[in-house]
Amino acid sequence: MARKSKGFGKISQPQRADKIQQKRLKKLHRKIQTGLFSDKFAGIAMNKGEVKMSEVLEAFVEPYLDLVPSMSQRQQLLDLAVIAWNLAFMPENELPSTLDYLLQDISKDDDPFFYKEIRSVINDLITRKKEVFAEHKRYIVACELQDAGKEFHLSVISTLLNPFVANLAD
């Protein structure tokens, strides 16, 4: 039997990174398919050639990154950013009551100052989305932050269309 050369099974660094990225995206995709929004976002696809929403989300939170050095704090920031991003698509008259509903659990357990601060950050992010990222119409369904050694790696799943607009057509 012929022996394989030492380099036979090796994958180049960019190929390995691409495979890792694909695994992360598939994991997130499975999480969405079986999660809370599985019925609403059944048409989610991993689309190639579109702008990477992970890059858009990173740019969206960039002004806040210096305030959150740890991975857990960054994940919390990203979670707030996703909420704000998606709320920015809502009609203006529905936004306050929806935000109150989403934040009601926070107001029960934490002090009112914390609640006001979270609300303020979300409102600032909504304004930033509308003013700086208005051309991006995709809804962010999930994001996952992973420690990649000296850096963090962000994976994002988004819809192909804004579901609020898509629902109007139904």
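**Around Trp85**

Student: Which residues does Trp85 touch, not counting residues up to four places away in sequence?
Tutor: This is a predicted model, in which local features need pLDDT of at least 70 and side-chain atom pairs count only at pLDDT 80 or more, while totals for chains, interfaces and linings use all residues. Residues are numbered from 1 along each chain as its sequence is written, and side-chain values use heavy atoms, with hydrogens and water left out. Taking contact to mean heavy atoms within 4.5 Å, and setting aside residues up to four places away in sequence, Trp85 touches Met53, Val56, Phe60, Lys129, Phe133, His136, Arg138 and Ile140.

Student: Is His136 buried or exposed?
Tutor: His136 lies in the loop between helix 5 and strand 1, where helices (H or I, at least four residues) and strands (E, at least two) are DSSP runs numbered from the N terminus. Buried means under 20% relative accessible area, exposed over 50%, and partly exposed in between, with a 1.4 Å probe and protein chains only. Because the relative accessible area of His136 is 14%, this residue counts as buried.

Student: Which side chain does a polar contact of 3.2 Å join to that of His136?
Tutor: A polar contact is a pair of N or O atoms within 3.5 Å; within protein, one must be able to donate a hydrogen and the other to accept it, and residues adjacent in sequence count only if both atoms are side-chain atoms. Here the contact of 3.2 Å runs from the side chain of His136 to that of Glu135.

Student: What separates the C-alpha atoms of Leu125 and Tyr64?
Tutor: Leu125 lies in helix 5 and counts as buried, because its relative accessibility is 0%. Leaving aside neighbours within four places in sequence, Leu125 is in contact with Phe60, Tyr64, Leu80, Ala81 and Ala84. Although Leu125 and Tyr64 are 61 residues apart along the chain, their C-alpha atoms are separated by 10.0 Å.
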